[in-house]
Each structure stands twice: as structure tokens, then as C-alpha cells.
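Welcome, and thanks for taking a look at this one.

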Amino acid sequence: MAAALYKTEAIVLRGYPFGEADRVIVLQTAEHGKVRAVAKGVARGKSRLAAAAQPFTHGSYLLWQGRELDGISQADIVRPSHLLTADLATLAAAAYAVELVDSFWEDRQEAPEAFALLRESLDWLSGGGAPGPAFLRRLELQVLATAGFAPELEACVQCGRSLADGARYVPGRGGLCCPACGGEGRLLSPAAAGWLRALARTGLDHLPPLPAAGAADVAAALYGHVTYVLGRPLRSRGMLETLALKP
Ligand SMILES: [Zn+2]
């Protein structure tokens, strides 16, 4: 009996070797969540699927359904990976976006919003969008919100009081706390807290300008929230931090 085929839009998150000639490609699909699919022959470099199996590729995939793993039958590329790999800062930001989505959602967990967020982020980067702090912080906020961990930013998450006298970000409580409740949380200046709120509300085409000070505190606070939820650090964070140290 022939294997059942299904077609889906997807973005390649990563791949790993499978046997001598094949690779398993991990796809974030639009309709079926995260799917692992064998791409036959791509390790030998002669398969017409090779380009469609590259990380960051957005395409339309015809997949066959297997027992353990599915497989790629055909693929039409919508956005090739090289648009995201030519520039090092863009590559680092794309790798971070992919690892965030890969980490927050499980295999086969239906998550059309996660696919849409990743597609929007990679489209924006491939179109020349700056892979800077505003993009990265909005990405973290969107991933947290889409996964059900949207941080509370408007009032103290503990007591509901106004944050006019200062705010501390406490991942374990799910957002900003007033000074009395915030204890050990990371202190954010009013400008930094305002920037965080603006980032949570805006689209990629209207990213708010960096605050005069405190952007690094926002970066540390949000990454603290991401690692608190995941229980581990992200591999791609190292490259971002190395690039950020450059003049
Ligand atoms: Zn409070």
C-alpha cells in the first residue's frame, strides 16, 4: 500500500544525519506542528531536495506519512535559506528565532501561531530588517506570549500596584513586580520598562527606538524568563552575545 501523502507549508528548523545517505529534517509546519521527515539522499549531495532541507528554508512540502518518521516527497521553496545566512548578525538572529520555536513547542503539537511568528520573523530578517535588540526582544516577548507565558507588564503581578515607583522583572512570578514585591528581581528603569511595554504592543514595522539606558537589563530579564520556562539555556544565544560585544 502506498504511504499517505499530505501537503503543508513549513520552515526547516534543523536536520541531523540518518543512515549514510539521508538526513532527518525537523520542520515547523503550518498545520501539523513540528514534524520530523526523512530527506532521502541529501547527505550524498545529489538530491534535488538538498536546498529544501537547509535550515531556515520556507517552502511548501509534500510529505509521506510514516510510522516513526515522515518523509519528504517533493518541495517547492518559497524563501531559500541563503537569504538568511549571508550576513552573520542576521544568521545569528535567525538561528535564535528557530531555536526558540523549536524549544517552546513539542513534536506534533499543533501551533499555527508559532509557525506564523517564525515565518514573520524570518521574512522580516530576509527583507533586510535589522537583527538588533528591538527585534530580538520583541521576538522573545512574542514567543513567550504565543506559548502562554505572556509577561505581565502593566501593574505589579503580585499585588496589582502601579509600577510608577520602579519595577523589577521576576520570571518566577511571570512579569514585573513593584519594588516591595520584586525582591531579587532585575531592576528596570522607567525608560526600560516603558520600552518593554512598547515592544509588547508593536509590529515589526514600528519597533520602538532603544531606551537611553537599560536595554541590556531588558535583554537579561527576558532571557531570564525564557530560560526559567525552558529550564535550560539556548545554544544560539552565545553567537548573539559575541556579536553584541563588537563595536
Ligand atoms: Zn507588588
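At what angle do helix H2 and helix H3 pack, and how far apart are their axes? In this predicted model, H2 (residues 88–104) and H3 (residues 112–126) meet at about 180°, with 10 Å between their axes. Angles over 145 degrees count as roughly antiparallel, so that is how H2 and H3 run relative to each other.

**The H2–H3 contact**
- H2 contributes Thr90, Ala93, Ala94, Ala97, Val98 and Val101, while H3 contributes Ala114, Leu118, Leu122 and Leu125.
- Sorted by class, this contact holds 9 nonpolar residues, 1 polar residue and no charged ones.

**The three-stranded sheet**
- Three strands form an open sheet in the order S7-S6-S8, and their pairing is antiparallel.
- S7 and S8 are the edge strands, each pairing on one side only.
- On average, neighbouring strands are turned by 40° against each other, direction ignored.
- S6 and S8 are joined by 3 bridges, and Arg168 has Leu187 of S8 as its bridge partner.
- H6 packs on this sheet, touching S6, S7 and S8, and its direction makes about 90° with that of S8.
- H7 also packs on the sheet, where it touches S6 and S8 at about 135° to the direction of S8.

**A closer look at H6**
- The 12 residues of H6 (residues 190–201) should span 16 Å at 1.5 Å a residue, and the 17 Å between its end C-alpha atoms agrees with this.
- Its buried residues are Ala192, Ala193, Trp195, Leu196, Arg197, Ala198 and Leu199.
- These buried residues pack against helices H4 and H7 and strands S6, S7 and S8.

Conventions: Residues numbered from 1 in each chain as written. Predicted model: local features only at pLDDT ≥ 70, side-chain atom pairs only at ≥ 80, totals over all residues. Heavy atoms only, no water. Axes fitted to C-alpha atoms, helices over the stretch in contact; angles between N-to-C directions. Helix = DSSP H or I, 4+ residues; strand = E, 2+ residues; numbered from the N terminus. Parallel < 35°, antiparallel > 145°, perpendicular 65-115°, else oblique. Contact = heavy atoms within 4.5 Å. Nonpolar A, V, L, I, M, F, W, Y, C, P; charged D, E, K, R; others polar. Expected span 1.5 Å × (residues − 1). Buried < 20%, exposed > 50% of the residue type's maximum accessible area, 1.4 Å probe, protein only. Pairing = 2+ DSSP bridges.
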